[in-house]
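Dear colleague,

I am handing over the structure below, together with my notes on what turned up in it. Please read the two side by side.

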Amino acid sequence: MQLKFVPRNSAGSVTTFYLSSQGPGHDEIDFEFLGNSSGNPYTVHTNVYAQRKGEKEQQFHLWYDPTTAFHTYSIVWNAQRITFLVDNIPIRVFHNSEAIGIPFPKNQPMRVYASLWNAEDWATQGGRVKADWSKAPFVASYRNFKIKACPPSSGSSCGSKSTNSLNTEAWQTQELDGAGRNRLRWVQAKHMIYNYCSDIKRFSQGLPSECKRSSF
């Protein structure tokens with residue numbers, strides 16, 4: 001998906017591109033872009049829900065102005081991991097840690113959603129900066145949506161580890177190579193502003209178990 005965000009004063013707005021299942025115990029994979037007052041950067045907010053359990057946020061500041069041109073935002077979701085990418089640069093990998101009891105979204109089909117909505121109660125600097133409605137309308141632009149997926153009605157298994165090229169597409173086993181891991185390290189060292197795996201105040205009884213695993 002290519003997006004261009006609300007320009008200038010976008011405080012209080014959230015532009016989104018995400019996957020979600022339906023019903024109770026839903027799964028969700030979030031790309032949310034939190035607006036800011038003029039001259040301050042957007043925040044890229046990512047989260048993963050499995051069986052309605054989230055609290056796995058990582059946030060980033062982008063290394064460019066996302067309001068002046070279109071950029072590509074991608075989610076690669078397979079049975080082993082979820083990879084978030086910006087202009088084909090990985091910014092986050094969330095691994096399947098079911099082996100240690102961490103739910104992972106892989107059993108429910110999800111739809112793709114995109115929206116622009118008012119979240120002035122929390123989106124910008126924790127809700128301290130509200131939307132300036134005199135600057136409305138707020139406009140974000142989307143284009144070039146592309147998807148590769150297993151249709152839920154196809155009877156095929158997206159979790160298949162078959163090496164048969166007729167049954168398995170590359171994204172179903174996609175992982176980072178050495179160059180990708182180096183790019184991920186660069187983004188997380190230079191542009192990450194929040195990681196739930198480092199928030200010992202929030203998780204005072206101990207960090208989530210998956211945080212002990214390498215994110216690379």
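Glu98 counts as partly exposed at 33% relative accessibility (buried means under 20% relative accessible area, exposed over 50%, and partly exposed in between, with a 1.4 Å probe and protein chains only). Its side chain meets that of Lys106 in a salt bridge, 3.1 Å from N to O, where a salt bridge is a side-chain nitrogen of Lys or Arg within 4 Å of a carboxyl oxygen of Asp or Glu; Lys106 is likewise partly exposed, at 41%.

This is a predicted model, in which local features need pLDDT of at least 70 and side-chain atom pairs count only at pLDDT 80 or more, while totals for chains, interfaces and linings use all residues. Residues are numbered from 1 along each chain as its sequence is written, and side-chain values use heavy atoms, with hydrogens and water left out.

The whole structure holds five salt bridges, among them that of Lys56 with Glu210, whose closest N and O atoms are 2.8 Å apart. Lys56 lies in the loop between β4 and β5 and Glu210 in the segment after β11 (192-195), so the pair ties together parts that are 154 residues apart in sequence. Lys56 is buried at 11% relative accessible area, and Glu210 is buried at 8%.

Strand β4 (residues 43-49) has six of its seven residues buried, strands being DSSP runs of E with at least two residues, numbered from the N terminus. β4 pairs with β3 (residues 28-34) in the antiparallel sense over seven bridges, pairing requiring that DSSP finds at least two bridges between two strands.

Best regards

Conventions:
Helix = DSSP H or I, 4+ residues; strand = E, 2+ residues; numbered from the N terminus.
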